[in-house]
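I opened the model to look up a few residues, ring pairs and ligand contacts. My entries follow in the order in which I made them.

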Amino acid sequence: MTALVIVGHGTRSAEGVAQFAALVERVRTRASDTVGDVEGGFIELSRPPLTDAVGALVDRGHQALVALPLVLTAAGHGKGDIPAALAREEQRHPGLSYAYGRPLGPHPTLQTALAERIDAALAGADRAGTWVALIGRGSTDPDANAEVAKVARLLWEGRGYAGVEPGFISLAEPSVPAVLDRLRRLGARRIVVAPYFLFAGVLPDRIRAQAREFAAAHPELDLRVADLIGDCDALADLVLERHAEAVRGDIRMNCDTCAYRVSMPGFVDKVGRPQTPHDHPDDPVGGHSHQHQHQHQHPEPALRPGAVAIVGGGPGPADLITVRGRALLEVADVVVVDRLAPQGLLAGLRPGVRVVDAAKSPRGPSVGQDAINTALVRHARAGRRVVRLKGGDPYVFGRGHEEVLACVAAGVPVTVVPGVTSAVAAAALAGVPVTHRATAHEFTVVSGHLPPGHPDSLVDWAALGRARGTLVVLMGVETIGAVAAELIAHGRAPDTPVLAVQDAGHPGQRSLPARLDEIAVVAARAGVGPPAVFVVGPVAAFAAEPVLAASGH
Ligand code: SAH
């Protein structure tokens, strides 16, 4: 018989802790002949800690456990924090193994319990004249929020309420006041707020408080708050059902719409990433403190086979990529690389990694990009880990988002790793700060690809001429003369300092100072060629200062 450890996330509410303990006891009594042993513990905030619960079961000779996360929906706790805590227990007790049960909801038992709590709040008033606001915990995980919407819908089906709308107490919309306002505008006269919560805690308290506040502002409404699901036989039996499922190895976890596995609009950055330390901005002061746990979890590489990472490689030197970008390169099967990406990084790739030179794709403004997009998707679909290595930051004139969209459209998981952009770094490597107290309080990065006056240009050159801050021109080698003339025509002083920085970060880096009205001539005479940036503004004059020598160039 497999023992059961019930894992709670913990709460600051003594009542909530007591309800958890009572449920564990209830499961124990109802389970005596089917389950070997039962313990319960928390991963944070409350006692007993999970480690004591597991330790007790191990002491009593159990090596194989079912670990059941006592959560209604799979979100951060169920997907990340609790497995991480269990992984630590496995390390602590060699030989220990566990099967992980799935979250409790949605389940008919919970729907029935919710309906009973709502009816109790109605105390005889009719369902047909009653609207329900089902309030979930709220998450940064869209799938978890969608589960609450599903529960709301299921609660509506066949029960005869006027309607059921989902809302959230934290992190997701609509908020409690927003959903109540929606119901009021729909013509609701009687509303029951039903918290979709197991036990007492800070957040259910807050639901009650916000409902009360709304009721006070709308005396015409009959607004009631239902009890929580709480410790009860039905919940204990559901826990035992989940235990039996896990023992059978029948875990029908729904991962089809999990943002950590598939690209969901607005959440592409989650794909293939570890479940991130979640910040609950509106939790009580002190908040959750999971940081230490997350450092131990997800030892697997963040880039799965079949996924693409668009990685910013920085301005050139191999050691100006981010740690995350470097880690992804280390696990890549295919690296699709730009001409401006740090070529030095390619030497460090694992043997056998396929390097695709994107600069060799067919020429032409969109043909080339289409070929790259197609290659990314094709390699990913072949089950490879694909890194798209770009110069600087992928989203600064890097067409990174086009590649992301192509992957999303093809259903390929994609993630983006920011990089150090040359727009800031080229100046810095030449000793120039793009901002400086009392000198420049703004900096603007502009593409010089299209000259002023070009019909397709989206740049307001006149405004840039009037501005006083730093202007950084990328892709401007061909157009700097026209750009300088336009800036002067709109008010920049002809003697504004400019610094051209070519091949920043590379062994051949050089920088050339000039006045704005002379930069085109100076640059042309010196043979300045791409890649180069032009830094325009008073900060450009700082380049002559000794910091240059200290930078090693
Ligand atoms: N995504 C890149 C920019 C791509 S546009 C980034 O964030 O840095 C290409 C332009 O970037 C070049 O024309 C040049 O203006 C600038 N650039 C890129 N690398 C550079 C380098 N090492 N030195 C100077 N300019 C650079």
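Entry one, lysine 390. I found lysine 390 in strand β12, which covers residues 386-390. I take helices (H or I, at least four residues) and strands (E, at least two) as DSSP runs, numbered from the N terminus. This is a predicted model, in which local features need pLDDT of at least 70 and side-chain atom pairs count only at pLDDT 80 or more, while totals for chains, interfaces and linings use all residues. Residues are numbered from 1 along each chain as its sequence is written, and side-chain values use heavy atoms, with hydrogens and water left out.

I listed its contacts (heavy atoms within 4.5 Å), leaving aside neighbours within four places in sequence; among them are Ile310, Val311, Asp338, Pro342, Arg399 and Glu403.

With a relative accessible area of 15%, asparagine 145 is buried. Outside the four places on either side in sequence, asparagine 145 touches Gly138, Ser139, Phe168 and Ala172.

I paired rings of Phe, Tyr and Trp (its six-membered ring) if their centres lie within 6.5 Å, calling planes under 30 degrees apart stacked, over 60 edge-to-face and the rest tilted. The count by this rule is 2 aromatic pairs. For phenylalanine 20 and phenylalanine 42 I read 4.2 Å between the ring centres and 40° between the planes, so this pair is tilted. Phenylalanine 20 is in helix α1 (residues 14-30) and phenylalanine 42 in strand β2 (residues 38-42), so the pair ties together parts 22 residues apart in sequence. Both phenylalanine 20 and phenylalanine 42 are buried.

The other entry under this heading is tyrosine 98 with tyrosine 100, an edge-to-face pair at 6.3 Å centre to centre and 80° between the planes. Tyrosine 98 has a relative accessible area of 25% and is therefore partly exposed. Tyrosine 100, at 18%, is buried.

I also checked for a charge over a ring (NZ of Lys or CZ of Arg within 6 Å of the ring centre and within 35 degrees of the ring normal). The charged end of arginine 153 sits over the ring of tryptophan 156, 4.9 Å from the ring centre.

Which residues come nearest to the ligand? Of the 18 residues around the ligand, these are Asp393, Val396, Thr421, Ser422 and Ala532 (a residue is near if one of its heavy atoms lies within 4 Å). A backbone N or O atom of aspartate 393 is 2.8 Å from an oxygen atom of the ligand. For threonine 421, a side-chain N or O atom is 2.7 Å from a ligand oxygen atom. For methionine 475, a backbone N or O atom is 3.0 Å from one.

I counted 17 helices and 18 strands in the protein chain. Its C-alpha trace spans about 90 × 60 × 45 Å along the principal axes. Of its 553 residues, 51% count as buried.

Note on methods:
Buried < 20%, exposed > 50% of the residue type's maximum accessible area, 1.4 Å probe, protein only. Polar contact = N/O pair within 3.5 Å; in protein donor to acceptor, adjacent residues only side chain to side chain.
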